[in-house]
Amino acid sequence: MSLQVVIGHGPAGAATAALLAEQGERVRVIGRSPREPEPGLEHVSLDAADQAALAEATEGATAIYSCASPPYHRWATDWPPLQASMCAAAEANGALLVSLGNLYGYGPVDGPLTENLPLAATGTKGRIRALLSEQLHALHDEGRIRAVEVRASDFFGPGVTDGGHLAARVVPNVLHGRKVQVLGDPDAAHSWTYISDVARTLVAAAREEKAWGRTWHVPTGPPRSARVMVALLCEAAGVAPVPVQRLSPMLLKAGALVSPMLRELREVRYQFDRPYVLDSHAAQEFFDITPTGEKDQFAGTVAWWRDRLATVS
């Protein structure tokens with residue numbers, strides 16, 4: 001049993017911590033907010049950007065999983081010190097740093113997204129993601145830390161709520177028979193990464209030394225449009241199909257006046273206005289991981305949301 005430290009208890013962090021605990025590892029979860037004890041998990045509340053505090057909290061760790069993410073509108077100010085702190089902790093303690101990233105750094109691309117594409121984004125959030133990735137790999141190449149990066153497309157599945165494009169704004173409406181409004185073209189092909197596959201890939205990447213120093217895309221199923229995904233959710237829930245509409249650009253613009261999240265989404269609209277397809281063949285072959293079957297993905301998502309809505313109602 002080795003100490004595995006997961007930074008962040010959002011959907012990816014929670015799924016990764018739970019998987020590690022199931023596998024018999026000693027797991028410490030670091031987050032800003034105090035949490036109730038959970039079987040197999042030790043929760044520590046601290047600011048992970050505090051280098052001294054994080055280095056102390058990760059002492060003795062075999063691996064540090066970077067699953068935290070600052071508020072969407074604070075990426076420019078909060079991401080650099082957070083990553084600097086995690087890298088410093090990994091260097092001080094000799095721990096492997098397993099970094100969860102996304103696809104923003106590539107920018108708009110014609111054709112499938114593969115790991116060997118240049119990080120050519122020009123928008124603020126895309127450049128931040130590119131910079132974080134470049135810094136991580138530079139430190140690994142210099143021999144200062146051991147690191148591996150795992151990138152995913154938009155999350156969906158159990159535990160994914162307000163931050164998901166196929167979550168809080170969609171699944172409750174499906175279950176209540178109401179229309180769904182989505183960002184961008186509802187018929188554009190899009191890759192959706194199931195949350196448990198994110199956790200499986202992070203853990204697999206940590207355990208395979210030959211994977212270190214590289215970037216991997218989480219094994220992800222075939223691209224589906226938002227309209228098709230909603231139809232499959234309806235089928236899994238046993239409810240009648242619901243209408244799917246594009247979120248009005250005027251409504252989005254008005255909402256952006258009061259919502260930092262909606263305001264920031266304007267930079268990544270291209271991901272939903274055109275096909276956005278993740279190629280994950282390299283990771284599937286290297287780790288021998290296949291995406292969770294679609295039937296299980298939708299059944300798991302619907303069951304989790306039904307339980308959540310029953311609890312809060």
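Student: Which exposed residues does the face of α12 turned away from its buried side carry?
Tutor: This is a predicted model, in which local features need pLDDT of at least 70, side-chain atom pairs count only at pLDDT 80 or more, and totals for chains, interfaces and linings use all residues. Residues are numbered from 1 along each chain as its sequence is written, and side-chain values use heavy atoms, with hydrogens and water left out. Exposed means over 50% relative accessible area, buried under 20% and partly exposed in between, with a 1.4 Å probe and protein chains only. On the face of α12 away from the buried side, the exposed residues are K295, D296, D307, A310 and T311.

Student: Why do the buried residues of α12 line one face of the helix?
Tutor: The buried residues of α12 are Q297, F298, T301, V302 and W305. An α-helix has 3.6 residues a turn, so residues three or four places apart point the same way. The arc is taken from the directions from the helix axis to the C-beta atoms. The buried residues of α12 line one face because, seen down the axis, they fall within an arc of 115°.

Student: How far apart are the end C-alpha atoms of α12?
Tutor: Helices here are DSSP runs of H or I with at least four residues, strands are runs of E with at least two, and both are numbered from the N terminus. The expected span of a helix is 1.5 Å times one less than its number of residues. For the 19 residues of α12 (residues 294–312) that gives 27 Å, and the end C-alpha atoms agree, being apart by 27 Å.

Student: Which elements do the buried residues of α7 pack against?
Tutor: In α7, the buried residues are A226, M229, V230, L233, C234 and A237. They cover an arc of only 140° around the axis, which puts them on the same side of α7. Contact means heavy atoms within 4.5 Å. The buried residues of α7 pack against β7, α5, β8, β9, β11 (244–246) and α12.

Student: Is H137 buried or exposed?
Tutor: H137 sits in helix α4 (residues 124–141). Leaving aside neighbours within four places in sequence, H137 is in contact with E149, G213, R214 and T215. Because its relative accessibility is 16%, H137 counts as buried.

Student: What is the volume of the largest pocket?
Tutor: On a 1 Å grid over the protein atoms alone, a pocket is an open set of points where a 1.4 Å probe fits, with protein on both sides within 12 Å along at least five of seven lines; lining residues have an atom within 4 Å of a point. Grid points are joined across faces, edges and corners, and a volume is the space filled by probe spheres set on the points. For the largest pocket, the volume is about 1,400 Å³.

Student: Which of the 49 residues that line the largest pocket are the closest to its centre?
Tutor: Elements that give two or more residues to this lining include α1 (11–22) and α3 (75–93). The closest to the centre of the largest pocket are P11, C67, A68, S69 and P70.

Student: How far apart in space are A14 and C67, C-alpha to C-alpha?
Tutor: A14 lies in helix α1, and at 25% relative accessibility A14 counts as partly exposed. A14 and C67 are 53 residues apart in sequence, while their C-alpha distance in space is 8.9 Å.
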